[in-house]
Amino acid sequence: MGIFELLRRHRDSTVLGILVLVSIFLMLTSSSGRFGPAQTVLNTVLYPFYSARNTVSGLFAAREDNRKLKRMVATLLFEREQLLQFRDEHERLRRLAEFKETQLLDLVPCEVVGRNLDRYQTTLVIDKGMGEAIRERMPVLSYEGYVGRVTKVFPNSAWVQLIASRNNPVSCLDKRSRVVGMLEWSQFSRFELKQVSVVDDVQVGDSLITSGFGGIAPKGFPLAVVAKVNPQMDGVSLKVEAVCSINFRSLEEVFVVRDEIPWDRALFRDARDSTMVRDLIGGGQ
Amino acid sequence: MRAPSVGIVLIVFFLLQVSVADSITFARIGPDFPLLIAVYFAIFRGALAGSLFGFAVGLLQDFFNPSGLGLNALAKSIVGHLAGRMGAQTDRDNPLFLMAVFGAASLAHDFIYLLFFTQFNLGKFIIEWLAVGVPSAIYTAVAGGVVHALVAVLLSEAVRHLGKTRSF
């Protein structure tokens with residue numbers, strides 16, 4: 001019996017032996033680079049099934065996902081509303097705290113509810129008055145600096161005369177050289193620094209701040225920036241022009257300085273402030 | 001109960017592999033549907049066809065990871081051959097017999113596969129075979145038997161329903 005006859009008689013085992021040899025040969029010589037086309041075909045065949053599986057499983061999961069997402073949307077909307085409120089409160093508190101920390105002042109936040117009918121916009125109407133212990137001559141601040149003083153108080157409102165008006169000079173200080181002068185409104189946003197001699201050190205770009213000498217405006221609040229410096233005709237004084245960066249026409253919120261207070265009582269001194277902070281902290285826990 | 005056609009069962013095994021196999025595998029222990037395809041075909045088509053089909057199925061599996069090319073082909077061709085021989089000698093439609101063959105085939109398959117996969121490191125081989133191979137063999141046997149029985153029942157019902165419809 002020849003070898004071929006033997007193999008034919010044991011065909012099954014022969015084929016198995018060949019397959020085993022081929023498998024071992026593949027194991028010994030396998031290289032991933034040669035099977036790219038086969039892998040492509042395999043992927044082409046199987047991918048639709050995998051894709052369909054994902055689609056079907058996605059459909060089954062869609063109802064549950066939809067329910068979860070609806071709940072999540074509701075929660076997020078609620079949280080968003082809370083965060084928006086917290087943001088506004090935080091912004092107000094930050095501004096208030098910053099003022100109180102740095103200036104140690106008892107500030108009364110006021111909304112500008114009106115302006116006088118004068119075309120020069122020299123007077124504001126605010127929404128706080130005697131009920132908030134507002135008194136005449138109290139200084140008034142904005143976020144950018146000193147803006148004026150209270151000239152008239154009513155039970156629930158008050159008038160504020162801006163520094164950008166005639167007959168309302170402010171004692172000021174050159175922040176760099178500490179030269180003292182009187183700042184008077186000239187026109188538009190331009191001011192004139194008076195009572196400055198030629199020997200005083202005032203330069204273009206210097207910041208002018210309230211000096212606190214006049215008895216009304218507290219010390220250290222920005223007023224204007226020196227824009228031009230020239231000697232006067234008399235030869236002994238300087239003609240100094242300054243520009244104020246505050247847009248008096250767009251003031252919406254101002255702060256009346258009710259009192260100067262010790263620093264340890266300055267932070268959140270008001271009961272309302274304390275309550276707000278306590279609520280915020282409690283809500284965050 | 002009518003014996004299901006081999007082609008239908010193979011298709012069901014294939015669909016299960018591409019649909020739920022990953023979902024019902026836990027800690028690497030799960031049913032080996034490609035093995036069931038090769039073994040089921042071998043039982044009903046004999047040792048020669050079984051070894052060839054097992055080799056083809058294994059090679060397709062190996063294409064997913066060419067660095068181990070030949071591993072599945074070797075194991076499945078041997079298992080296919082053995083399953084074909086067993087199927088020729090006993091009652092192939094007996095679900096218990098099928099489950100026994102599935103289980104034994106899975107054990108043998110993993111035995112061969114792990115021997116080469118661990119490069120004859122007996123320590124690793126024994127741990128893997130006992131921890132994964134044996135439970136997976138039981139899982140595979142049960143899954144194969146259940147699928148076979150379900151397909152048989154469904155097919156019988158379909159044929160019966162079809163016969164009633166025709167009688168009207």
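**Exercise 1. Are B:Tyr40 and B:Phe44 buried or exposed, and how do their rings sit relative to each other?**

Step 1. Start with accessibility: B:Tyr40 is buried, and B:Phe44 is too. Here buried means under 20% relative accessible area, exposed means over 50%, and partly exposed is in between (1.4 Å probe, protein chains only). Keep in mind that this is a predicted model, where local features need pLDDT of at least 70, side-chain atom pairs count only at pLDDT 80 or more, and totals for chains, interfaces and linings use all residues. As for bookkeeping, residues are numbered from 1 along each chain as its sequence is written, chains are lettered from A and ligands numbered from 1 in the order in which they are written, and side-chain values use heavy atoms, with hydrogens and water left out.

Step 2. Find both residues in the chain. They are 4 residues apart in helix α2 (residues 33-63) of chain B, so about one helical turn separates B:Tyr40 from B:Phe44. Helices (H or I, at least four residues) and strands (E, at least two) are DSSP runs, numbered from the N terminus.

Step 3. Apply the ring rule: rings of Phe, Tyr and Trp (its six-membered ring) pair if their centres lie within 6.5 Å; planes under 30 degrees apart are stacked, over 60 edge-to-face, and the rest tilted. Over all chains, that gives 10 aromatic pairs. For B:Tyr40 and B:Phe44, the centres are 4.8 Å apart and the planes are at 40°, so this pair is tilted.

**Exercise 2. Which side chain makes a polar contact with the side chain of B:Tyr40?**

Step 1. Set the rule. A polar contact is a pair of N or O atoms within 3.5 Å; within protein, one must be able to donate a hydrogen and the other to accept it, and residues adjacent in sequence count only if both atoms are side-chain atoms.

Step 2. Pick the partner: the side chain of B:His148 makes this contact, at 2.7 Å.

Step 3. B:His148 is found in helix α5 (residues 122-167) of chain B, and with a relative accessible area of 2% B:His148 counts as buried.

**Exercise 3. What makes up the contact between chain A and chain B?**

Step 1. Count residues, taking contact as heavy atoms within 4.5 Å: chain A brings 21 residues and chain B brings 26 residues.

Step 2. Get the area, meaning the accessible area (1.4 Å probe) that two parts lose on being put together, summed over both. About 2200 Å² is buried between chain A and chain B, and carbon and sulfur atoms give 77% of that. A:Leu19, A:Met27 and A:Leu42 supply 24% of the area that chain A buries against chain B, more than any other three residues.

Step 3. Check polar links. Across the interface of chain A and chain B there are 3 residue pairs in polar contact (both at pLDDT 80 or more).

Step 4. Assign the chain A side to elements: α2 (11-29) and α3 (36-103) of chain A each supply at least two residues of the side touching chain B. The most comes from α2(A), with 11 residues.
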